[in-house]
Amino acid sequence: MKIAIGCDHVGFALKGRVIEHLLEKGYEVEDFGTNSTERTDYPIYGKAVAKAVAGGECEKGIVICGTGVGISLAANKVKGIRAVVCSEPYSALLSRQHNDTNVLAFGARVVGEDLALMIVDAWLSGVYEGGRHARRVQMLADIENEQ
């Protein structure tokens with residue numbers, strides 16, 4: 001599986017550790033930046049990762065900023081993206097199983113390195129269940145298509 005990853009300056013250090021972890025687990029990773037701690041704007045990287053996922057270049061995406069909120073909002077503006085902000089593994093897992101999320105966000109100022117990796121692993125282990133959840137996921141797509 002190919003995973004797109006991106007962050008702003010606050011998430012830069014944690015992004016490096018997440019990339020290392022993903023590579024150790026056998027995932028292919030495409031890094032959409034940023035590539036330093038120089039101040040930058042999170043929407044640039046949320047959009048880039050989301051476009052790669054929505055366009056099929058990557059199967060899933062991970063985005064990191066200070067809280068995970070701003071960068072997830074940017075990602076969610078891209079049609080076809082269901083980005084979730086998670087600060088613990090349980091919600092990450094259920095977001096995959098019930099909501100078919102395709103972008104994971106978290107905050108470098110909110111979760112530490114070990115917890116971030118646990119969240120990533122839980123999210124990636126989740127498999128969309130469909131069934132009773134499919135109607136709701138379709139309702140989300142319908143709202144998106146009204147725009």
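**Close-up 1. Residues where helix α4 meets helix α5 in the predicted model**. From α4, the residues in contact are Pro-89, Ala-92, Leu-93, Ser-95 and Arg-96. They meet Leu-115, Met-118, Ile-119, Ala-122, Trp-123 and Ser-125 of α5. Sorted by class, this contact holds eight nonpolar, two polar and one charged residues.

**Close-up 2. How the axes of α4 and α5 cross**. Two packed helices are described by the angle between their axes and the distance between the axes. Helix α4 spans residues 89–99, and helix α5 spans residues 113–125. Their axes come within 7 Å. They cross at roughly 20 degrees. Angles under 35 degrees count as roughly parallel, so α4 is roughly parallel to α5. The crossing of α4 and α5 is right-handed.

**Close-up 3. How the axes of α2 and α3 cross**. Helix α2 covers residues 42–54, and helix α3 covers residues 69–76. The two axes come within 7 Å and cross at roughly 45 degrees. What does that angle make α2 relative to α3? It makes α2 oblique to α3. The crossing of α2 and α3 is right-handed.

**Close-up 4. Residues in the contact of α2 with α3**. Helix α2 brings Tyr-42, Pro-43, Tyr-45, Gly-46, Lys-47 and Ala-50 to the contact. Helix α3 brings Gly-70, Ile-71, Ala-74 and Ala-75. Which classes do the residues of this contact belong to? Seven are nonpolar, two are polar and one is charged.

Methods:
Residues are numbered from 1 along each chain as its sequence is written. This is a predicted model: local features need pLDDT of at least 70, side-chain atom pairs count only at pLDDT 80 or more; totals for chains, interfaces and linings use all residues. Side-chain values use heavy atoms; hydrogens and water are left out. Axes are lines fitted to C-alpha atoms, for helices over the stretch in contact, and angles run from 0 to 180 degrees between N-to-C directions. Helices (H or I, at least four residues) and strands (E, at least two) are DSSP runs, numbered from the N terminus. Angles under 35 degrees count as roughly parallel, over 145 as roughly antiparallel, 65 to 115 as roughly perpendicular and the rest as oblique. A crossing is left-handed if the near helix is turned anticlockwise from the far one by less than a right angle, and right-handed if clockwise. Contact means heavy atoms within 4.5 Å. Ala, Val, Leu, Ile, Met, Phe, Trp, Tyr, Cys and Pro count as nonpolar, Asp, Glu, Lys and Arg as charged, and the others, Gly among them, as polar.
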